[in-house]
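Please open the model in your viewer and have the selection tool ready. The tour goes from one selection to the next.

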Amino acid sequence: MHDLGRWADPSLLVLTSLADGPKHGYAVIKDLEQSAGVTLGAGTLYAVLSRLEERGWIEPLAAEERRRPYRLTGPGAVALETETRRIHQFAELGLRRLAAIPRPA
Amino acid sequence: MSPRACRRLARVLCHVYPPSWRDRYSEEFVDVLSETVLTPRTVLDVLDGALDAWANPSGLVLGGRLRLRASVSVVWGAWIVLTAGALIFGQSTEDSPFRRADATHPVAALVYGVYEWCAHLSVAAVVVAGAPLAWALLRAAYTQRRRSAIALVLLPVAAPMAFLGVLVLIAQAVPRSTVPGVGVGPAWFAVLVVLGLLAAALCAAGPALGLRRVSASPGVLRWSLRASVPALALMSVSAAASVCYELALARSDPSFAAGYGRPWWQLAPYALVMAAAGAAAMTSIRRGVRATVPVS
């Protein structure tokens with residue numbers, strides 16, 4: 001996921017949102033606003049969606065009126081799991097080291 | 001803002017994206033954008049996304065041969081713009097005061113040499129890049145008996161020859177000024193510039209329209225696109241050298257620059273147009289090359 005460069009962080013957010021089930025673009029934006037407190041712009045969202053689709057990590061479903069939902073694919077789930085485990089391990093390491101620092105009462 | 005106005009504005013913003021991207025995403029993108037509160041930040045985000053879509057096109061939205069064809073046309077057009085700029089610069093600095101100034105300013109003379117050599121080498125490189133494609137198009141047009149396509153493909157040869165013919169006629173009919181550096185005078189020079197730009201436009205449009213009438217194989221298109229990189233690079237260096245030449249003369253000999261040099265309001269647009277043509281060509285080459293790479 002690191003080779004996505006500056007799009008890596010928003011890609012992780014979009015994959016996490018789609019892990020909850022298929023969503024169209026606006027639903028992804030709203031979901032991320034509520035769950036992560038992050039507002040993705042439409043330009044960023046579609047730069048990310050096209051990259052994830054090109055990698056086969058998400059796939060479009062049949063359009064509902066003008067809205068096209070996307071769903072997470074198997075390789076996308078693997079990529080999300082790998083990245084979230086890496087972040088989790090790093091967060092645990094940070095917490096362990098923080099716990100070892102003596103703090104004033 | 002009413003929902004209808006929002007939707008209209010969203011459609012306008014969508015047009016900053018490449019056509020191939022719009023074919024794939026425009027409906028849903030406009031839908032998302034029209035439901036979003038449009039702020040300056042949203043607009044900047046869209047412009048950033050559009051810039052990314054131009055510079056890093058997704059393999060999903062690029063149609064191989066059509067993309068290659070469009071890239072070849074854009075690169076050819078950009079090379080014509082760069083060449084027209086180089087020619088105008090060459091015409092306006094060919095008079096003897098400039099050559100005398102070169103004799104006393106070795107750096108300016110060196111930069112002028114770079115301008116000339118790069119321009120000449122670029123013309124040779126573009127012939128190497130374009131000849132196989134022109135031959136393929138002419139053969140296909142002849143086989144399919146499409147005379148208009150033959151005429152269009154030959155325009156890059158015919159239009160400059162016609163322009164040179166008019167140039168010779170004007171040079172013979174109009175007496176040259178006795179004032180050094182004035183030549184046929186500003187009015188006739190302006191006429192020649194307009195005619196030259198018209199010839200350049202015909203040169204650029206001919207092959208692009210010819211490519212729409214008869215098709216070339218992806219292999220030939222790909223060769224032309226890749227081989228055009230040295231031609232473009234050389235002409236870009238030539239254009240940059242022409243700007244540097246003016247700056248070098250202005251710095252080393254302010255009195256000469258005051259008499260013959262170009263003011264900044266003439267030099268800056270020239271430099272901007274040259275830079276824009278180079279950037280458009282490089283972006284288009286990148287898009288064309290990416291279109292040929294299969295998506296893994």
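Select the contact between the two chains: 20 residues come from chain B and 18 residues from chain A, where contact means C-beta atoms, placed from the backbone, within 7 Å. This is a predicted model, in which local features need pLDDT of at least 70, side-chain atom pairs count only at pLDDT 80 or more, and totals for chains, interfaces and linings use all residues. Residues are numbered from 1 along each chain as its sequence is written, with chains lettered from A and ligands numbered from 1 in the order in which they are written.

Stay on chain B. On its side touching chain A, the elements that give two or more residues are helix 2 (19-35) and helix 3 (40-55) of chain B; helices are DSSP runs of H or I, at least four residues, numbered from the N terminus. Helix 2 of chain B gives the most, with 8 residues.

Next, select helix 1 (residues 8-18) and helix 3 (residues 42-55) of chain A, which pack at an angle of about 75° with axes 9 Å apart. Helix 1 of chain A is therefore roughly perpendicular to helix 3 of chain A, a term for angles of 65 to 115 degrees. Show P10(A), S11(A), V14(A) and L15(A) on helix 1 of chain A, and T44(A), V48(A), L49(A), R51(A) and L52(A) on helix 3 of chain A, which make the contact.

Last, go to A77(A) in helix 4 (residues 74-100) of chain A. A77(A) is partly exposed, with 14 other C-beta atoms within 10 Å (buried is 20 or more, exposed 12 or fewer, partly exposed in between).

Definitions and conventions
Axes are lines fitted to C-alpha atoms, for helices over the stretch in contact, and angles run from 0 to 180 degrees between N-to-C directions. Angles under 35 degrees count as roughly parallel, over 145 as roughly antiparallel, 65 to 115 as roughly perpendicular and the rest as oblique.
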